[in-house]
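Please consult the sequence and the model shown below.

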Amino acid sequence: MKDKIHPKVFKAKICCACGFEVEALTTKGENVHVEVCSNCHPFFTGKQRFLDTAGRIDRFRKKYAKVQK
């Protein structure tokens, strides 16, 4: 293997918005924050959860409210 071409690998603590934490090896840094993980994602849990980040749905409804009428 060649020297000085591989990225630096950290033992990171990955924290989800739902409160789930796990340690893994990553190149992103020592602390990684994610919004959705396998513990709370609807595909893995089988439960539908409504994710609205930054009010996108409200902005969409306001923008196209006149078109529906």
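In which strand does Thr26 lie? Thr26 lies in strand E2, which spans residues 21-26; strands (E, at least two residues) and helices (H or I, at least four) are DSSP runs, numbered from the N terminus. The model is predicted, so local features need pLDDT of at least 70 and side-chain atom pairs count only at pLDDT 80 or more, while totals for chains, interfaces and linings use all residues. Residues are numbered from 1 along each chain as its sequence is written, and side-chain values use heavy atoms, with hydrogens and water left out.

**Overall fold**
- The chain holds three helices and three strands, in the order β-β-β-α-α-α from the N terminus.
- Of its 69 residues, 12% count as buried (under 20% relative accessible area; exposed is over 50%, partly exposed in between; 1.4 Å probe, protein chains only).
- Among contacts (heavy atoms within 4.5 Å) with a separation of 6 or more, 2% join residues 24 or more positions apart.

**Thr26**
- Thr26 counts as buried because its relative accessibility is 16%.
- Leaving aside residues up to four places away in sequence, Thr26 touches Lys8, Val9, Phe10, Ala12 and Val32.
- The side chain of Thr26 reaches the backbone nitrogen of Lys28 at 3.1 Å.

**Tyr64**
- Tyr64 is found in the loop between helix H2 (56-63) and helix H3 (65-68).
- Tyr64 counts as partly exposed because its relative accessibility is 34%.

Methods: Polar contact = N/O pair within 3.5 Å; in protein donor to acceptor, adjacent residues only side chain to side chain.
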